[in-house]
Amino acid sequence: MSTETQRYSSVAKALHWLIAVMIIVQIPTGFIMHNLAFSETKYTMYQLHKSFGLIVLTLSLLRLGWRLTHKAPALPDHMKPWERVLARITHVGFYALIIGIPLTGWLMVSASPLGIDTKIFYVIPVPHWPVPVGEAAESFWIETHEVLAKITIGLLVLHVGGALKHHFVDKDSVLLRMVPSALHSKLRRDSSPKEAH
Ligand code: HEM
Ligand code: HEM
């Protein structure tokens with residue numbers, strides 16, 4: 001069996017898709033809530049955003065731990081050196097972002113002079129970081145949080161483009177090895193020139 005046919009484990013797949021879905025929802029809702037006028041809806045959206053964001057942080061740390069202790073399947077042999085480097089940069093960048101974005105959000109609310117408590121889904125209290133509090137500090141973290149979210153959008157376009165290129169142009173198994181097994185029959189092609197069976 002070629003290394004190309006190896007897949008990510010169920011744990012790696014579950015963490016990849018859970019985190020991906022939450023980030024893809026958090027980014028637009030983050031921008032929407034930021035632009036809303038003060039209201040109860042805005043307040044509720046902030047609390048939900050903080051709660052889901054802290055769950056993303058927890059899952060991302062678990063995922064990093066998993067990744068550092070489990071090997072990923074090897075990249076297909078046909079990939080050029082620059083494609084391998086780009087894939088590596090994207091993946092390492094994503095790990096930094098899925099931890100960095102929620103962390104800067106947490107630091108932002110810790111630095112806020114409003115001092116609003118953080119409770120996951122209004123129940124589990126989360127302590128704030130002992131960072132300088134004030135408008136300047138808060139603005140710094142808001143700005144960083146926003147820039148990291150924008151970098152994520154750019155990287156996501158590259159990442160999804162790469163996954164689709166692998167599947168439809170290179171016709172290899174890179175997309176298949178990350179999708180849930182239940183979807184394999186729908187996505188599998190009958191013949192694939194670059195796939196070594
Ligand atoms: C999955 C992780 C997260 C993503 C993708 C994300 C993304 C975003 C985005 C795109 C914005 C809008 C930025 C702007 O318009 O300035 C935002 C705003 C915000 N985020 Fe997050 N965020 C995440 C996690 C968190 C966490 C964990 C917290 C706090 C515990 C948090 C707190 C906030 C707050 C308070 C705002 C509003 C800032 C303002 O209105 O000025 N975020 N987030
Ligand atoms: C914000 C959302 C996403 C993030 C943060 C993300 C992050 C990552 C990371 C870090 C890896 C490397 C896994 C590892 O080796 O440990 C990866 C792999 C992968 N992702 Fe995503 N991803 C996202 C969305 C998507 C989407 C929407 C697709 C679907 C087109 C996708 C398809 C894949 C595939 C096919 C791989 C396997 C690549 C390989 O085998 O080398 N990802 N993703």
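Visitor: Which helices each supply at least two residues of the lining of the second largest pocket?

Guide: They are α1, α2, α3 and α4. This is a predicted model, in which local features need pLDDT of at least 70 and side-chain atom pairs pLDDT 80 or more, while totals for chains, interfaces and linings use all residues. Residues are numbered from 1 along each chain, chains are lettered from A and ligands numbered from 1 as written, and side-chain values use heavy atoms, without hydrogens and water.

Visitor: What makes a residue part of that lining?

Guide: A lining residue has an atom within 4 Å of a pocket point; the points lie on a 1 Å grid over the protein atoms alone, and a pocket is an open set of them with protein on both sides within 12 Å along at least five of seven lines. By that rule 34 residues line the second largest pocket, and M33, Y46, H49, M108 and H145 lie nearest its centre. The biggest contribution, nine residues, comes from α2.

Visitor: How much space lies in the second largest pocket, and what volume does the largest pocket have?

Guide: The second largest pocket holds about 1000 Å³, and the largest has a volume of about 1500 Å³. Of the 50 residues lining the largest pocket, Y8, A87, T90, H91 and H159 are the closest to its centre. A volume here is the space filled by probe spheres set on the grid points.

Visitor: Which helices each supply at least two residues of the lining of the largest pocket?

Guide: α1 (10-35), α2 (40-69), α3 (81-111) and α4 (135-169) do. In the largest pocket α3 has the largest share of the lining, with 12 residues.

Visitor: How many helices and strands does the chain come to?

Guide: There are five helices and two strands, in the order α-α-α-β-β-α-α from the N terminus on.

Visitor: Why are α1 and α2 called roughly antiparallel?

Guide: They pack at an angle of about 150°, with axes 9 Å apart. Angles over 145 degrees count as roughly antiparallel, under 35 as roughly parallel, 65 to 115 as roughly perpendicular and the rest as oblique; α1 and α2 are therefore roughly antiparallel. The contact of α1 with α2 has 16 nonpolar, eight polar and two charged residues.

Visitor: Why are α1 and α4 called oblique, and what makes α2 oblique to α3?

Guide: The angle between α1 and α4 is about 130°, with axes 11 Å apart, so this pair is oblique. α2 and α3 pack at about 140°, with axes 9 Å apart, and that makes α2 oblique to α3 as well. The angles run from 0 to 180 degrees between N-to-C directions, along lines fitted to C-alpha atoms over the stretch in contact.

Visitor: Where does UniProt place the feature "transmembrane region"?

Guide: The unreviewed UniProt entry puts it at residues 14-36 and 86-109; such annotations may be inferred rather than shown by experiment. In the model, residues 14-36 are 96% helix, with end C-alpha atoms 33 Å apart. Residues 86-109 are 100% helix, with end C-alpha atoms 34 Å apart.

Definitions and conventions:
1 Å grid on protein atoms, 1.4 Å probe; cavity = no way out; pocket = protein on both sides within 12 Å on 5 of 7 lines; lining within 4 Å. Helix = DSSP H or I, 4+ residues; strand = E, 2+ residues; numbered from the N terminus. Nonpolar A, V, L, I, M, F, W, Y, C, P; charged D, E, K, R; others polar.
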